[in-house]
Amino acid sequence: MKVFGAGLIVLSTAITACAEGADDFVTANLASVLYHELGHAVIDQLQLPIFGQEEDAADVLSVLLINRMYDEETAKAVAYDAAFGFSAEASDVEQPVFWDTHGPDEQRYFNLICLFYGANVDARHDLAQELMLPDERALSCEEEFVIAEDSWGPVLDEMGDLQGKLVFQASSDGFMSAFLQDEVSALNDRYRFPIDIPVALESCGEANAYYDLDAQKITICQEFEDHLRGQFDRF
Ligand SMILES: [Zn+2]
């Protein structure tokens, strides 16, 4: 039995009505995941203090970068599909794993929507409603965004003086490779990093992505594409 089953049926109906296509769903979630892993990399390499769970801090950076990296319409589409990604993951688990370092996927779903909505409440009111952000939470989202920007904003600004770049590595060409190469290039145009950080697209035997603390390297697993396409097809 799915604990969140009823809620997800409503949610997935709304999402299916608006998700534009499988390719967009895949790229939105790849961007969201890449930005999240970048959060781990920056936290590690700049030794940033984290007052809370690091996974939450990485999620916050991911939303801030979605907000910063794209024009309004694209950012809305990316946030929408990335939220849908959390919703799809939530439907895969019978019960939320409360001991995990990541928050439950349904909570990550609402955190993403709230922060993204809080960045531009006038332009994103319809999106928040469509994605069923409750009024009780919506009230605090603008303030939540201000706190997030006050926390990550100065870090991102200071990164302009650094010398390191993201270095994309892929063993083969393809849809994911082309997208990630463009993303890495766009990130390098706007930000610098403490050191050169490899962003490797690799086959890992699982649909995952991670930042390796020892190698100081971001790995996005090739298997993610099929996993995301499967999630999209299920809704
Ligand atoms: Zn993480």
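This is a short walk through one protein model, from its overall build down to a few single residues.

Hi everyone, and thanks for coming. Before we start, please keep in mind that this is a predicted model: local features need pLDDT of at least 70, side-chain atom pairs count only at pLDDT 80 or more, and totals for chains, interfaces and linings use all residues. Residues are numbered from 1 along each chain as its sequence is written.

Let's begin with the whole protein. Its secondary structure comes to nine helices and four strands. Here helices (H or I, at least four residues) and strands (E, at least two) are DSSP runs, numbered from the N terminus.

How does the radius of gyration of the protein fit with that of a compact globule? For 235 residues, such a globule would have a value near 18 Å, and the protein has 17 Å, which agrees. That radius is taken over C-alpha atoms, and the globule rule is 2.2 Å times the number of residues to the power 0.38. Along the principal axes, the C-alpha atoms fill a box of roughly 45 × 40 × 35 Å.

Now for the inside. Of the 235 residues, 37% count as buried. A residue is buried if 20 or more other C-beta atoms lie within 10 Å of its own, exposed if 12 or fewer, and partly exposed in between, with C-beta atoms placed from the backbone. As for contacts, meaning C-beta atoms within 7 Å, take the pairs at least 6 apart in sequence: 64% of them join residues at least 24 apart.

The largest nonpolar core has 62 residues, and the members touching the most others are Ile-66, Ala-83, Leu-112, Ile-113 and Ile-220. Such a core is a set of buried Ala, Val, Leu, Ile, Met, Phe, Trp, Tyr and Cys residues joined through C-beta atoms within 7 Å. Leaving aside residues up to four places away in sequence, Ile-66 has partners including Ala-31, Tyr-35, Val-78 and Phe-116.

Next, please find helix 2. This helix has 24 residues and reaches 34 Å from its first C-alpha to its last, close to the 34 Å expected at 1.5 Å a residue; the expected span is 1.5 Å times one less than the number of residues. Helix 2 is mostly covered, with 17 of its 24 residues buried.

Is Asn-29 buried or exposed? Asn-29 counts as buried, because 26 C-beta neighbours lie inside 10 Å. Beyond residues up to four places away in sequence, Asn-29 touches Asp-81, Ala-82, Gly-85 and Leu-228.

After helix 2 comes Gln-47, in the loop between helix 2 (22–45) and helix 3 (54–69). Gln-47 has a positive phi of about 50° although it is not a glycine. With 8 C-beta neighbours inside 10 Å, Gln-47 counts as exposed.

Met-132 also has a positive phi without being a glycine, at about 65°. You will find Met-132 in the loop between helix 6 (125–130) and helix 7 (135–158). Met-132 is partly exposed, since 14 other C-beta atoms lie within 10 Å.

Let's finish with a helix pair. The axes of helix 3 and helix 7, lines fitted to C-alpha atoms over the stretch in contact, with angles running from 0 to 180 degrees between N-to-C directions, come within 10 Å and cross at roughly 90°. That makes helix 3 roughly perpendicular to helix 7, a label for angles of 65 to 115 degrees. Val-60, Leu-61 and Leu-64 of helix 3 make the contact with Ala-148, Glu-149 and Trp-152 of helix 7.

Methods. Two residues are in contact if their C-beta atoms, placed from the backbone, lie within 7 Å. Angles under 35 degrees count as roughly parallel, over 145 as roughly antiparallel, 65 to 115 as roughly perpendicular and the rest as oblique.
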